[in-house]
Amino acid sequence: MPAPDLEQSCAFLIHDTARLIRRRLGLSIRDLELTQAQWRVLANLLLTPGCTQSGLAETLDMEKAPLGHVLDRLEQAGWVKREPDPADRRARRVYLLEKAAPTVTLMSERFRAVETNYLRGFDPEEVGEMLASLQIVRDALKSPAAAPATAGAASAPPQAAAANGENYMSVLFECARLLTRRFDARLAELGFTRSQWLVMNTVYGSEGLRQSAIAEATGIAVAPLGKIIDALEASGWLERRADARDRRANRLFLTRRAHHLLDGTRQRFEQLHAAIDRPLGPRRKQALVSKLAWIRQRLLEENPQTTEARRAGAQ
């Protein structure tokens, strides 16, 4: 059975476009010597000053303990402060301090430049339409039992969708996070980790990739990727074959057993896709796919580090 056309999948495009934007934002500030966790915390505090520590963990999809360590470092540096929540003494709210202002200002300028570059050619109305569609997707992911009768129902116009202060990037990241949680629940049923499944589906989309191409496509570092591939090979899901043009290199292929599993589980993931597509309706879905595919392609062209197929994401 052929691999699904991921470039026409809202779920894939939401997940992968968010990943590529996040990577591009990180590259734009690498001279600031911030870890990804640190700059994401600072960026989110800029958007939602005074959010609770638990709310920040939810937004960033981080465990509370690792987030606590990041906040400890930023607090020690004098960039943030934590205060008890007056409404709930068990909770703590996080605020940016003046010392962080120069760095946060520079981050914002760099991020706007990145955004301007990949959004060139889009007018404000198109960006507003993308925001409105992403809000529909987010609501569907939060309320999977929404009545089918509302499928394709008209949503608020772009101007109204943007009036609540949200922007398409934050909603895109939230959709990607909610998708990941849905996806993880299904993976738990199958006995795979997210990284293992991501590697298998990357190979499923384009068999015969080198390990370096898989690392680039998935965003997994080479050393941990090697361990993941070793485990999948030992379990009979992947096999390495010598590259005919370079005997020192190996290319990765799925075993027959893995093909059978992926083909057989496609229906489960098609149900996840349907939960997104149904409330959008055909016209809005195609418009969102077109916009995200355009942005994703532009981001990929800015990072031509491999000529091999990139298939980060799952069915």
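**Side-chain contacts**

Tutor: Arginine 251 and aspartate 243 form a salt bridge, with their closest N and O atoms 3.0 Å apart. Both arginine 251 and aspartate 243 are buried. The model is a predicted one, and the total for such pairs is 24 salt bridges.

Another of these pairs joins arginine 19 to aspartate 16, with N to O at 2.8 Å. Both residues belong to helix H1 (residues 10-28) and are three residues apart, about one turn of the helix. Aspartate 16 has a relative accessible area of 0% and is therefore buried. Arginine 19 comes to 15%, and because the cut-off for buried is under 20%, arginine 19 counts as buried too.

The pair of glutamate 239 and arginine 241 has a separate setting. Their salt bridge has its closest N and O atoms 2.7 Å apart. Glutamate 239 is partly exposed, at 28% relative accessibility. Arginine 241, with a relative accessible area of 37%, is also partly exposed.

Salt bridges also link residues into a network, made up of Glu58, Asp61, Arg138, Asp139, Lys142, Glu174, Arg177 and Arg181. In general, side chains of opposite charge can pair when their charged atoms come close.

Next, the cysteines. The count of disulfides is zero. For cysteine 175, the nearest cysteine sulfur belongs to cysteine 10 and is 9.9 Å away. A disulfide needs the two sulfur atoms within 2.5 Å, so cysteine 175 is in no disulfide. Cysteine 175 is buried, with a relative accessible area of 0%. Cysteine 51 is buried as well, at 14%.

That leaves the rings. The structure has three aromatic pairs. One of them brings phenylalanine 192 and tryptophan 197 together, with ring centres 5.2 Å apart and planes at 55°. Planes under 30 degrees apart would count as stacked and those over 60 as edge-to-face, so this pair is tilted. Phenylalanine 192 and tryptophan 197 are both buried. Ring pairs connect Phe192, Trp197 and Trp237 into a cluster.

Tryptophan 237 also takes part in a contact with a charge: the charged end of arginine 257 sits over its ring, 3.8 Å from the centre. A further contact of this kind involves lysine 81, whose charged end sits over the ring of tyrosine 95 at 5.8 Å from the ring centre.

Key:
Residues numbered from 1 in each chain as written. Predicted model: local features only at pLDDT ≥ 70, side-chain atom pairs only at ≥ 80, totals over all residues. Heavy atoms only, no water. Salt bridge = Lys/Arg side-chain N within 4 Å of Asp/Glu carboxyl O. Helix = DSSP H or I, 4+ residues; strand = E, 2+ residues; numbered from the N terminus. Buried < 20%, exposed > 50% of the residue type's maximum accessible area, 1.4 Å probe, protein only. Phe/Tyr/Trp six-rings, centres within 6.5 Å; stacked < 30°, edge-to-face > 60°. Lys NZ or Arg CZ within 6 Å of the ring centre and 35° of its normal.
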